[in-house]
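Welcome! Please take a look at the structure shown here, and then read on for a short tour of it.

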Amino acid sequence: MTTGPRLLLGSVAKGDALPVLRHPVTATTVVLGALASRDWRPMHHDKDFAVERNGTRDIFLNTPNQAAWFERYVTDWTGPHGRLGRITFRMKGSVFPGDTMELVGVVDHVAVDEVGCGWLGLEVVLQVDGEMKTTGAVRVAVPVDETDNPWRRRAEQWQP
Amino acid sequence: MSLPAGLPEMVGVAQYEEEGEFPVEQGYIWTSCASVENGNPLFWDDEAAAELTDGPIAPPTMVSVWFRPHHWAPGRTQARLPLQVHFDLKERLGLPEAVMTENTVVFYEPVRIGDRLRTHQVLRSVSEEKTTKLGTGRFWVIDVEYRNQHGDRVATESYTGFGYRRAER
């Protein structure tokens, strides 16, 4: 390791866009995501159940796995110095095998809090064919300079 | 339409205080990272983790995973359900289907390999009956707090669920 931060607070401005992440969703994507989050509910692995009981067209990505996708999306951009403080997301539609999901994001605000921690507020969206499936807001801490590391913050020095 | 008897008394009360049935472990961290192709070196490279986070940690968004039980365990006669308050509400309100519509997680101390986390659930609210494209039912908000074996808060999570009966087609 011993590399410096990939992203410093001062290099980011409101309105900056994160690189788009595209991923083709297969049944394996859905089942692996459910398994990885220990979610055994049948609508995430049993198509008949999903169609007949949930009224959806197929099995669909579960919520905890979508959180993992958002985390990966944000920290791919910030690098490992980026530390999630808060994530909120709202499910508006389901993501099915055969979809190509796109994660997009934009910087909504840049700030330094009262204890000197640098924060980015991001608006993120998981979409399929331009239709929003999940919308989210992420608060992520990034270094304010080359010597800063948000992961070192403890107790009152960490205000997510 | 008012809430069934007994339900209002559940609001604001800590329930299902429990310790995760297994410690935070490396294998599941890699399974989770693999599911979303997360190559963050904090989870794969011990040197990077030592440098940045004083040792290996789990992805923050995995916090609820440590409380989702295995599908089977020896001696267990009934499947354990995560977020039990959610399933209690479905049963108490006679709503056979449910989805999560909103989720907020706030992260505090990092979760580390070997941690034994504790949690409890608090029902915050239950709405009047509402009709959406899924059907007719109620929204509810459940908070979940997570602490490690040292008593440090590691995360708080807030779920909004919608329990419903499917619309006639």
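**Where the two chains meet**

In this model, 35 residues of chain A are in contact with 33 residues of chain B, where contact means that the C-beta atoms of two residues, placed from the backbone, lie within 7 Å. This is a predicted model, in which local features need pLDDT of at least 70, side-chain atom pairs count only at pLDDT 80 or more, and totals for chains, interfaces and linings use all residues. Residues are numbered from 1 along each chain as its sequence is written, while chains are lettered from A and ligands numbered from 1 in the order in which they are written.

**The side of chain A that touches chain B**

- Helix H1 (27-36), helix H2 (47-54), helix H3 (63-78) and strand S2 (83-91) of chain A each give two or more residues to this side; helices (H or I, at least four residues) and strands (E, at least two) are DSSP runs, numbered from the N terminus.
- H3(A) provides the largest share, nine residues.
- By class, this side has 16 nonpolar, 12 polar and seven charged residues. Here Ala, Val, Leu, Ile, Met, Phe, Trp, Tyr, Cys and Pro count as nonpolar, Asp, Glu, Lys and Arg as charged, and the others, Gly among them, as polar.

- A:Arg90 has B:Glu102 as its bridge partner in S2(B).

**Helix H2 of chain B**

- B:Ile29, B:Ser32, B:Cys33, B:Ser35 and B:Val36 are buried in H2(B) (20 or more other C-beta atoms within 10 Å of a residue's own make it buried, 12 or fewer make it exposed, and in between it is partly exposed).
- These buried residues line one face of H2(B), because they fall within an arc of 155° seen down the helix axis; the arc is that of the directions from the axis to the C-beta atoms.
- The buried residues of H2(B) pack against H1 and H3 of chain A.
- On the other side of H2(B), B:Gln26, B:Gly27 and B:Ala34 are exposed.

**The nonpolar core**

- The largest nonpolar core has 69 residues; such a core is a set of buried Ala, Val, Leu, Ile, Met, Phe, Trp, Tyr and Cys residues joined through C-beta atoms within 7 Å.
- H3(A) gives the most to this core, with seven residues.
- A:Val74 is among the residues with the most contacts inside the core.

**Confidence**

- The model scores ipTM 0.95 and pTM 0.89.
- Chain B averages a pLDDT of 92, pLDDT being the predictor's confidence in each residue, from 0 to 100.

Key: Pairing = 2+ DSSP bridges.
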